Amino acid sequence: ADILRLWGATINYQDDVRISESIIRQVSEIYRKIRNTFKFMLGNLQNGERAFDFKATLAFNSYNLVDHFILAKLEDVKNRVIESFDAFDFANGMTLILNYISNDLSSFYLDINKDVLYCEALDSSRRKAVQSVIANVTNTLMKLLTPILSFTMEEIYQNLPLSERKANVQLESFPLVSHDYQDDTLKMYQTFIRLRDEVLAALEQKRSAGEIGSSQEAEIVFNVKDESLSAKLALLDADELARLFVVSKAEIADVNTVQVNTASGEKCERCWNYRPLVETSAGKICHRCHQVVGDFHE
């Protein structure tokens, strides 16, 4: 039923409306992308055997640069979706949501932060920040999509780690237009994405040449021409800067093109980054991972 509702929300009803088995298959793939993205986000809104405070996670606000990028984009998408829905332009509103899920979440933010979610300490501020972003994104997109994917959003609502919830997601208030972020943040985000595309292209060249396999086998040196973005990136620690490009090491320098080299060090058996390793009875792991897990066999 939700797939049919999604089809109805993505067509331009002002033109002749087409439907066929192949069109429904295409819509099914779009639906699967939405569902799998929510499934990943819900799976990371937990702390193992420890209790998870969803309300406190939503309120956490000690973010770094990339977190602000994603939240600023979320606010922009939310405001534009509300405007489109108010004008009965459902197809445009759905396009905005789908592009955000595909380009900003799946292909970028959720991908680069797997290292944080899986490898950082359970109580680390960085992991809490990423969980807070995921909680805010999940909560907002769920409410935006409730009029369209009613049954799926109810499933998501029932699986949110809430201490108390209403009888149905439909009873929750629809998001309101907000202006917490300035346009400068979005412009900087667009500049960063262009820089990241350059880095990814350089990595792909090395991968095609057989010099590296995964991007974590690489170290990169790149130049940031935009002064404001350069100043922001300079404030990040070495691990966070490398994480933005899913490499083992990243350095900002005055170079003409992106330089990609084979990473030094050895592959950590826990996080798969190439770093100086510590020999433990549990295996060879990097210093970060050793601090997180310790050596439980000692």
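A disulfide is taken here as a pair of cysteine sulfur atoms within 2.5 Å. The views below show a predicted model, in which local features need pLDDT of at least 70 and side-chain atom pairs count only at pLDDT 80 or more, while totals for chains, interfaces and linings use all residues. Residues are numbered from 1 along each chain as its sequence is written, and side-chain values use heavy atoms, with hydrogens and water left out.

View 1. Cys268 counts as buried because its relative accessibility is 0%; buried means under 20% relative accessible area, exposed over 50%, and partly exposed in between (1.4 Å probe, protein chains only).

**View 2. Cys119 is in no disulfide.** In general, a disulfide is a covalent bond between the sulfur atoms of two cysteines. By the distance rule given above, the count comes to zero disulfides. For Cys119, the nearest cysteine sulfur belongs to Cys289 and is 5.2 Å away. With a relative accessible area of 8%, Cys119 is buried.

**View 3. Tyr13, Val17 and Phe88 form a nonpolar patch on the surface.** Together these residues have about 320 Å² of accessible area, computed by the Shrake-Rupley method with a 1.4 Å probe, where for residues only the protein chains shown count as cover. Patches are made of residues with over 30% relative accessible area and no salt bridge; like charges are joined within 9 Å, and nonpolar side chains (Val, Leu, Ile, Met, Phe, Trp, Tyr) within 5 Å. A salt bridge is a side-chain nitrogen of Lys or Arg within 4 Å of a carboxyl oxygen of Asp or Glu. Tyr13 lies in the loop between helix H1 (2–10) and helix H2 (21–43); helices (H or I, at least four residues) and strands (E, at least two) are DSSP runs, numbered from the N terminus. Tyr13 counts as partly exposed because its relative accessibility is 46%.

**View 4. Thr140 is a buried residue, at 15% relative accessibility, in helix H7 (residues 125–145).** Neighbours within four places in sequence aside, Thr140 is in contact (heavy atoms within 4.5 Å) with Leu74, Lys78 and Pro175.

**View 5. Val246 has a positive phi, near 55 degrees.** Most residues other than glycine have a negative phi. Val246 is placed in the loop between helix H11 (238–243) and strand S2 (249–252), and is partly exposed at 25% relative accessibility.
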